[in-house]
Amino acid sequence: MNYEPMLPPLKSSGVIKKRGIILSKKDIPYKADCIFNAGVAKYKGRYVMIFRNDYGHRGSWVFEGCSLGIAFSDDGISWSVESEPFMTLEKLGIRECKRIYDPRLTVIEDKLFICFAFDTEHGIRGGVGSVREDFSGIDILSLSSPDNRNMVLFPEKTDGKYVRLERPFTIYSRGGKDRFDLWISKSPDLKYWGEENLLLAVENVPYANDKIGPGAPPVRTDKGWLTLFHAVDIDNTRGKHGWEDKWTKRYSAGIMLLDLRNPERVIGVSKLPLIAPEEEYETEEGFRTNVVFPGGMILEDNGEVKIYYGASDTFECLATADVNDLINLCISEK
Ligand code: BMA
């Protein structure tokens, strides 16, 4: 299969401070192997994190199962994990569901909502639900048709409608390879979704040659919606990276700014990656190395932005940056 030219080594932007691993399997009081790609929100005076847990590694890419765990924090840095998983396949109860993963959290009008991906016998789908106030589970609002995932909700409505970013898998129409783009859609009620439009294409991101997709839910700033996305480049000469015999992809994170009144308009996109895999826990240790995948972003009152991301599909990490530096990356010409 022909892929785009190989990309050079990537490095994180100078505005990013990596704070290291904040959650891994040693912190989990139940069966756990890989703790990563979490959603994080500030909700009712504390931080809540719902994380992906792939457990029981059985060789290559096969795991015994997966669940979503939940943790709380007073400062967004030190976390205490609840004694039981937040969500299991049995509890979710979706027909034909084989895997639930990549949770994303958004607070809208004081309610906590979750988007998640799930694999079924008949395709990969995305779900939207509300999280019960006592964290006893999810009330499902909508389940997409295949193949679509990586959904994130905006924290506010635009012109009376909820807005979501998503990543359909357009295999046939894009040359039969995974050349996927980032899309936007709207809904009057979080249940019925429509008005889909392309927001950002893979060919518009210089550090992707394979696919892009949403990362964390967008954050409001004076200059626009600050929006993280993931970017993937593939290089078929890459061999063993992690626990599989071959892993040829590299995941980095980019950032863009969307118009506050019309989030379908991209104001600017960072020309270089914001976060690239470079630390040992991102490139050497873990299931799939050379992967950083952002799932949560919180803007603090002092202008600090906390970025939560999965590393090597194995650890949950934190990075911080100043909000103005992030905005400048999106609008600078370099
Ligand atoms: C994607 C998703 C992500 C994961 C990435 C790398 O397809 O499953 O959650 O981080 O692959 O394995």
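How many nonpolar, polar and charged residues does the lining of the largest pocket have?

A: The lining of the largest pocket has 16 nonpolar, six polar and 15 charged residues, where Asp, Glu, Lys and Arg count as charged, Ala, Val, Leu, Ile, Met, Phe, Trp, Tyr, Cys and Pro as nonpolar, and the others as polar. The model is predicted, with local features needing pLDDT of at least 70 and side-chain atom pairs 80 or more, while totals for linings use all residues. Residues are numbered from 1 along each chain, and side-chain values use heavy atoms, without hydrogens or water.

This pocket (an open set of 1 Å grid points that fit a 1.4 Å probe, with protein on both sides within 12 Å along at least five of seven lines; lining atoms lie within 4 Å of a point) has a volume of about 910 Å³. Of its 37 lining residues, Arg52, Asp54, Arg99, Asp119 and Arg288 are the closest to its centre. Strand S4 (63-73) is among the elements that each supply at least two lining residues, and S4 gives the largest share, five.

The ligand takes up the space of this pocket, with more than half of its atoms within 2 Å of the grid points. Around the ligand (heavy atoms within 4 Å) are Asn37, Arg52, Asp102, Arg149, Trp247, Tyr251, Arg288, Phe293 and Asp313, a shell of three nonpolar, one polar and five charged residues.

Methods:
Grid points are joined across faces, edges and corners, and a volume is the space filled by probe spheres set on the points. Helices (H or I, at least four residues) and strands (E, at least two) are DSSP runs, numbered from the N terminus.
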